[in-house]
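Hi everyone, thanks for coming.

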Amino acid sequence: MPFDVRRFDIYRKVPKDLTQPTYTGAFISILCCVFILFLFLSELTGFIATEIVNELYVDDPDKDSGGKIDVSLNISLPNLHCDLVGLDIQDEMGRHEVGHIDNSMKIPLNQGDGCRFEGEFTINKVPGNFHVSTHSATAQPQNPDMTHTIHKLAFGEKLQVHKVQGAFNALGGADKLSSNPLASHDYILKIVPTVYEDLSGKQRFSYQYTVANKEYVAYSHTGRIIPAIWFRYDLSPITVKYTERRQPLYRFITTICAIVGGTFTVAGIIDSCIFTASEAWKKIQIGKMS
(Lines give C-alpha, C1' and ligand atoms only; values in the text may rest on other atoms or scores of the structure.)
Protein backbone atom coordinates (compact mmCIF):
# COMPACT_ATOMS: atom_id res chain seq x y z
CA MET A 1 0.00 0.00 0.00
CA PRO A 2 1.64 3.29 -1.06
CA PHE A 3 2.35 5.90 1.63
CA ASP A 4 -0.19 8.76 1.54
CA VAL A 5 1.20 12.00 2.93
CA ARG A 6 -2.35 13.43 3.09
CA ARG A 7 -2.96 11.58 6.34
CA PHE A 8 -0.83 14.29 8.06
CA ASP A 9 -3.29 16.99 7.01
CA ILE A 10 -4.77 18.41 10.21
CA TYR A 11 -6.89 20.87 8.25
CA ARG A 12 -9.41 18.39 6.85
CA LYS A 13 -11.73 19.85 4.25
CA VAL A 14 -15.49 19.54 4.51
CA PRO A 15 -17.39 19.40 1.19
CA LYS A 16 -19.53 22.47 0.61
CA ASP A 17 -22.64 20.40 0.08
CA LEU A 18 -22.35 19.24 3.68
CA THR A 19 -22.29 22.79 5.06
CA GLN A 20 -25.11 25.26 5.49
CA PRO A 21 -24.64 29.02 5.04
CA THR A 22 -26.75 31.37 7.17
CA TYR A 23 -27.45 35.11 7.24
CA THR A 24 -26.16 35.28 10.81
CA GLY A 25 -22.93 33.58 9.80
CA ALA A 26 -22.46 35.99 6.88
CA PHE A 27 -23.04 38.99 9.15
CA ILE A 28 -20.58 37.70 11.77
CA SER A 29 -18.01 36.91 9.04
CA ILE A 30 -18.19 40.47 7.67
CA LEU A 31 -17.83 41.95 11.17
CA CYS A 32 -14.95 39.56 11.83
CA CYS A 33 -13.06 40.67 8.69
CA VAL A 34 -13.61 44.37 9.47
CA PHE A 35 -12.43 43.85 13.04
CA ILE A 36 -9.32 41.97 11.89
CA LEU A 37 -8.51 44.71 9.36
CA PHE A 38 -8.86 47.38 12.05
CA LEU A 39 -6.57 45.55 14.48
CA PHE A 40 -4.09 44.77 11.71
CA LEU A 41 -3.81 48.42 10.70
CA SER A 42 -3.42 49.43 14.35
CA GLU A 43 -0.60 46.94 14.86
CA LEU A 44 1.02 47.93 11.57
CA THR A 45 1.04 51.57 12.65
CA GLY A 46 2.64 50.61 15.96
CA PHE A 47 5.22 48.46 14.16
CA ILE A 48 6.22 51.22 11.75
CA ALA A 49 6.40 53.87 14.48
CA THR A 50 9.27 54.02 16.96
CA GLU A 51 9.16 54.16 20.74
CA ILE A 52 11.48 55.90 23.17
CA VAL A 53 12.75 53.87 26.12
CA ASN A 54 14.61 55.63 28.93
CA GLU A 55 16.93 54.31 31.60
CA LEU A 56 19.13 55.68 34.39
CA TYR A 57 22.70 54.70 35.20
CA VAL A 58 25.81 56.12 36.88
CA ASP A 59 28.49 57.07 34.37
CA ASP A 60 30.06 59.87 32.35
CA PRO A 61 28.54 59.19 28.92
CA ASP A 62 30.57 61.63 26.81
CA LYS A 63 34.11 60.56 27.64
CA ASP A 64 35.45 61.98 24.36
CA SER A 65 34.53 65.55 25.27
CA GLY A 66 37.77 66.10 27.16
CA GLY A 67 35.89 66.92 30.35
CA LYS A 68 34.16 69.90 28.75
CA ILE A 69 30.51 70.89 28.36
CA ASP A 70 29.28 73.29 25.67
CA VAL A 71 27.09 76.11 26.95
CA SER A 72 24.78 78.40 24.99
CA LEU A 73 23.57 81.57 26.72
CA ASN A 74 21.19 84.24 25.41
CA ILE A 75 20.14 86.97 27.84
CA SER A 76 18.78 90.52 27.55
CA LEU A 77 19.52 93.35 30.00
CA PRO A 78 17.33 96.24 28.75
CA ASN A 79 18.78 98.82 31.16
CA LEU A 80 22.52 98.11 31.01
CA HIS A 81 24.86 99.41 28.29
CA CYS A 82 26.77 96.83 26.25
CA ASP A 83 30.13 98.37 27.26
CA LEU A 84 29.38 97.35 30.85
CA VAL A 85 28.16 93.80 30.22
CA GLY A 86 30.63 90.96 30.61
CA LEU A 87 30.75 87.22 31.22
CA ASP A 88 33.00 85.73 33.91
CA ILE A 89 33.72 82.01 34.33
CA GLN A 90 35.27 80.21 37.28
CA ASP A 91 35.31 76.68 38.69
CA GLU A 92 36.95 74.37 41.21
CA MET A 93 39.75 73.43 38.79
CA GLY A 94 41.19 76.91 39.21
CA ARG A 95 39.72 78.52 36.13
CA HIS A 96 38.99 82.20 36.63
CA GLU A 97 38.22 84.10 33.46
CA VAL A 98 36.94 87.67 33.62
CA GLY A 99 35.34 89.19 30.56
CA HIS A 100 35.04 86.12 28.32
CA ILE A 101 34.62 87.32 24.72
CA ASP A 102 35.22 84.26 22.48
CA ASN A 103 32.16 83.23 20.39
CA SER A 104 30.08 85.96 22.02
CA MET A 105 28.11 88.89 20.68
CA LYS A 106 26.55 91.99 22.24
CA ILE A 107 23.52 93.54 20.54
CA PRO A 108 22.42 97.05 21.68
CA LEU A 109 18.80 97.41 22.81
CA ASN A 110 16.58 100.44 23.56
CA GLN A 111 18.65 102.90 21.50
CA GLY A 112 21.85 101.67 23.15
CA ASP A 113 20.62 101.82 26.75
CA GLY A 114 20.29 98.06 26.96
CA CYS A 115 22.13 95.00 25.75
CA ARG A 116 21.46 91.49 24.55
CA PHE A 117 24.32 89.09 25.23
CA GLU A 118 24.63 85.92 23.16
CA GLY A 119 27.52 83.59 23.80
CA GLU A 120 28.75 80.04 23.37
CA PHE A 121 31.51 78.74 25.60
CA THR A 122 32.67 75.63 27.43
CA ILE A 123 32.83 74.77 31.11
CA ASN A 124 34.69 72.01 32.90
CA LYS A 125 32.82 69.02 34.32
CA VAL A 126 33.37 70.21 37.89
CA PRO A 127 31.30 72.48 40.13
CA GLY A 128 31.67 76.15 39.29
CA ASN A 129 29.81 79.18 38.05
CA PHE A 130 29.57 81.71 35.27
CA HIS A 131 27.98 85.07 35.74
CA VAL A 132 26.92 88.14 33.81
CA SER A 133 28.12 91.31 35.52
CA THR A 134 29.98 94.59 35.16
CA HIS A 135 33.18 93.16 36.71
CA SER A 136 35.09 93.31 33.42
CA ALA A 137 34.13 96.93 32.64
CA THR A 138 36.90 99.53 32.75
CA ALA A 139 34.73 101.77 34.93
CA GLN A 140 31.97 100.60 37.24
CA PRO A 141 28.56 102.30 36.85
CA GLN A 142 27.06 104.09 39.79
CA ASN A 143 23.72 102.27 39.70
CA PRO A 144 23.92 99.14 37.54
CA ASP A 145 20.54 97.69 36.61
CA MET A 146 20.52 93.88 36.45
CA THR A 147 16.88 93.39 35.50
CA HIS A 148 16.91 90.83 32.73
CA THR A 149 15.16 88.23 30.59
CA ILE A 150 16.76 84.87 29.85
CA HIS A 151 15.92 83.63 26.38
CA LYS A 152 18.07 80.52 26.40
CA LEU A 153 20.44 78.60 28.61
CA ALA A 154 21.29 75.15 27.26
CA PHE A 155 24.09 72.65 27.69
CA GLY A 156 25.49 70.16 25.16
CA GLU A 157 23.95 69.26 21.81
CA LYS A 158 20.46 70.36 20.90
CA LEU A 159 18.00 67.47 20.80
CA GLN A 160 15.20 68.04 18.29
CA VAL A 161 13.15 64.98 19.21
CA HIS A 162 9.47 65.69 19.83
CA LYS A 163 8.98 62.47 21.82
CA VAL A 164 11.60 63.47 24.39
CA GLN A 165 10.23 65.98 26.88
CA GLY A 166 12.85 67.32 29.25
CA ALA A 167 14.25 70.41 30.97
CA PHE A 168 16.89 71.18 28.33
CA ASN A 169 16.16 74.91 28.49
CA ALA A 170 14.58 75.20 31.92
CA LEU A 171 15.46 78.90 32.27
CA GLY A 172 14.18 79.86 28.83
CA GLY A 173 11.67 82.67 29.26
CA ALA A 174 12.70 83.60 32.81
CA ASP A 175 11.62 87.23 33.31
CA LYS A 176 13.16 89.39 36.04
CA LEU A 177 12.29 92.80 34.59
CA SER A 178 10.17 93.72 37.60
CA SER A 179 12.79 92.81 40.22
CA ASN A 180 14.98 95.19 42.22
CA PRO A 181 17.43 96.78 39.71
CA LEU A 182 20.29 96.59 42.23
CA ALA A 183 19.63 92.98 43.23
CA SER A 184 21.88 90.06 42.39
CA HIS A 185 20.31 86.88 41.08
CA ASP A 186 21.52 83.39 41.95
CA TYR A 187 20.43 80.50 39.74
CA ILE A 188 21.45 77.20 41.27
CA LEU A 189 21.64 74.55 38.54
CA LYS A 190 21.80 70.78 38.90
CA ILE A 191 22.97 69.47 35.53
CA VAL A 192 21.95 65.95 34.48
CA PRO A 193 23.85 64.28 31.57
CA THR A 194 21.44 63.03 28.89
CA VAL A 195 22.12 60.64 26.01
CA TYR A 196 19.87 60.05 23.00
CA GLU A 197 20.52 56.99 20.82
CA ASP A 198 18.61 56.67 17.53
CA LEU A 199 17.77 53.53 15.55
CA SER A 200 21.13 53.57 13.75
CA GLY A 201 23.00 53.56 17.08
CA LYS A 202 24.23 57.14 16.75
CA GLN A 203 24.42 58.92 20.10
CA ARG A 204 23.90 62.59 20.88
CA PHE A 205 24.93 64.09 24.19
CA SER A 206 22.97 66.82 25.88
CA TYR A 207 22.21 67.98 29.42
CA GLN A 208 19.02 68.70 31.30
CA TYR A 209 19.00 70.76 34.46
CA THR A 210 16.87 71.81 37.38
CA VAL A 211 16.84 75.33 38.77
CA ALA A 212 16.48 77.04 42.12
CA ASN A 213 16.94 80.79 42.38
CA LYS A 214 17.20 83.55 44.91
CA GLU A 215 17.43 87.32 44.77
CA TYR A 216 19.47 89.49 47.15
CA VAL A 217 21.46 92.74 47.39
CA ALA A 218 25.23 92.19 47.58
CA TYR A 219 27.76 94.73 48.83
CA SER A 220 31.49 94.86 48.06
CA HIS A 221 34.19 95.41 50.68
CA THR A 222 33.97 99.14 49.94
CA GLY A 223 30.28 99.18 50.66
CA ARG A 224 29.20 99.59 47.03
CA ILE A 225 26.41 97.50 45.56
CA ILE A 226 27.74 95.39 42.68
CA PRO A 227 24.91 93.19 41.39
CA ALA A 228 25.44 90.20 39.10
CA ILE A 229 23.51 87.35 37.54
CA TRP A 230 25.06 84.11 38.81
CA PHE A 231 24.66 80.66 37.33
CA ARG A 232 26.12 78.23 39.87
CA TYR A 233 26.19 74.66 38.61
CA ASP A 234 26.97 71.17 39.78
CA LEU A 235 26.78 67.89 37.86
CA SER A 236 24.67 64.90 38.78
CA PRO A 237 26.37 61.48 38.63
CA ILE A 238 23.14 60.00 37.22
CA THR A 239 22.85 59.82 33.43
CA VAL A 240 19.52 59.67 31.62
CA LYS A 241 19.56 57.66 28.39
CA TYR A 242 16.82 57.70 25.77
CA THR A 243 16.93 54.85 23.26
CA GLU A 244 14.88 54.82 20.08
CA ARG A 245 13.50 51.36 19.34
CA ARG A 246 11.17 49.66 16.92
CA GLN A 247 8.99 46.62 17.65
CA PRO A 248 10.72 43.38 16.49
CA LEU A 249 9.32 41.71 13.37
CA TYR A 250 8.71 38.39 15.15
CA ARG A 251 6.55 40.15 17.77
CA PHE A 252 4.54 41.86 15.04
CA ILE A 253 3.95 38.52 13.25
CA THR A 254 3.00 36.85 16.55
CA THR A 255 0.50 39.60 17.32
CA ILE A 256 -1.07 39.39 13.85
CA CYS A 257 -1.42 35.59 14.15
CA ALA A 258 -3.02 36.02 17.58
CA ILE A 259 -5.43 38.63 16.21
CA VAL A 260 -6.50 36.53 13.21
CA GLY A 261 -6.70 33.23 15.08
CA GLY A 262 -8.37 34.67 18.16
CA THR A 263 -10.91 36.65 16.19
CA PHE A 264 -11.90 33.70 14.02
CA THR A 265 -12.15 31.43 17.06
CA VAL A 266 -14.34 33.82 19.04
CA ALA A 267 -16.46 34.55 15.97
CA GLY A 268 -16.89 30.80 15.38
CA ILE A 269 -18.02 30.27 18.97
CA ILE A 270 -20.51 33.14 18.72
CA ASP A 271 -21.84 31.88 15.39
CA SER A 272 -22.13 28.33 16.75
CA CYS A 273 -24.03 29.52 19.83
CA ILE A 274 -26.42 31.62 17.75
CA PHE A 275 -26.99 28.79 15.28
CA THR A 276 -27.61 26.26 18.08
CA ALA A 277 -30.01 28.61 19.84
CA SER A 278 -31.81 29.28 16.54
CA GLU A 279 -32.21 25.56 15.81
CA ALA A 280 -33.47 24.94 19.34
CA TRP A 281 -35.99 27.77 19.00
CA LYS A 282 -37.23 26.32 15.69
CA LYS A 283 -37.76 22.93 17.33
CA ILE A 284 -39.71 24.56 20.16
CA GLN A 285 -41.92 26.38 17.69
CA ILE A 286 -42.52 23.19 15.69
CA GLY A 287 -43.41 21.35 18.93
CA LYS A 288 -45.94 24.02 19.85
CA MET A 289 -47.53 23.89 16.42
CA SER A 290 -47.82 20.09 16.54
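Let's begin with a charge and a ring. R232 sits over the face of W230, and the distance to the ring centre is 4.3 Å. Before I go further, please keep in mind that this is a predicted model.

Staying with aromatics, how many aromatic pairs does a search of the whole structure find? The count is 7. Take F121 and F130 as one example: the ring centres are 5.2 Å apart and the planes meet at 75°, so this pair is edge-to-face. The cut-off for that label is an angle over 60 degrees. Are these two residues buried or exposed? F121 has 4% relative accessibility, so it counts as buried. F130 comes out at 0%, so F130 is buried as well. Both of them belong to a cluster, in which ring pairs link F121, F130, Y187, F231 and Y233.

Now please find F155 and Y209. Their ring centres lie 5.4 Å apart with the planes at 85°, so here too we have an edge-to-face pair. F155 is in strand β8, while Y209 is in strand β11, which covers residues 203–216; the pair therefore ties together parts that are 54 residues apart in sequence. F155 and Y209 are both buried.

Strand β8 brings us to the pockets. The general idea is that rolling a probe the size of a water molecule over the atoms shows where empty space is left. The largest pocket has a volume of about 280 Å³. Two elements each give two or more residues to its lining, namely β2 (68–77) and β8 (149–156). Which of the elements gives the largest share? That is β8, with 4 residues. In total, 14 residues line this pocket, and those nearest its centre are K152, A154, E157, K158 and F168. By class, the lining of the largest pocket has 5 nonpolar, 4 polar and 5 charged residues.

The second largest pocket holds about 160 Å³ of space. Among the residues lining it are Q20, P21, T22, D271, F275 and K282. Here the elements giving two or more residues are α1 (23–48) and α2 (249–289). The largest share of this lining, 6 residues, comes from α2. Its classes are 3 nonpolar, 5 polar and 3 charged.

Let me step back to the whole chain. It is divided into domain 1, made of 20–51 + 245–277, and domain 2, which is 58–236. How far apart are the C-alpha centres of domain 1 and domain 2? They lie 57 Å apart.

Last stop, two backbone details. As background, most residues other than glycine have a negative phi. N103 has a positive phi, near 55°. You'll find N103 in the loop between β4 (96–97) and β5 (104–109). Its relative accessibility is 63%, so N103 counts as exposed. Q111 also has a positive phi, near 55°. This residue is in the loop between β5 and β6 (114–124). With 80% relative accessibility, Q111 is exposed too, because the cut-off for that word is over 50%.

Conventions
Residues are numbered from 1 along each chain as its sequence is written. This is a predicted model: local features need pLDDT of at least 70, side-chain atom pairs count only at pLDDT 80 or more; totals for chains, interfaces and linings use all residues. Side-chain values use heavy atoms; hydrogens and water are left out. On a 1 Å grid over the protein atoms alone, a cavity is a set of points where a 1.4 Å probe fits but cannot get out, and a pocket is an open set with protein on both sides within 12 Å along at least five of seven lines; lining residues have an atom within 4 Å of a point. Grid points are joined across faces, edges and corners, and a volume is the space filled by probe spheres set on the points. Ala, Val, Leu, Ile, Met, Phe, Trp, Tyr, Cys and Pro count as nonpolar, Asp, Glu, Lys and Arg as charged, and the others, Gly among them, as polar. Domain bounds come from an automatic or database domain assignment. Rings of Phe, Tyr and Trp (its six-membered ring) pair if their centres lie within 6.5 Å; planes under 30 degrees apart count as stacked, over 60 as edge-to-face and the rest as tilted. Buried means under 20% relative accessible area, exposed over 50%, partly exposed in between (1.4 Å probe, protein chains only). A charge sits over a ring if NZ of Lys or CZ of Arg is within 6 Å of the ring centre and within 35 degrees of the ring normal.
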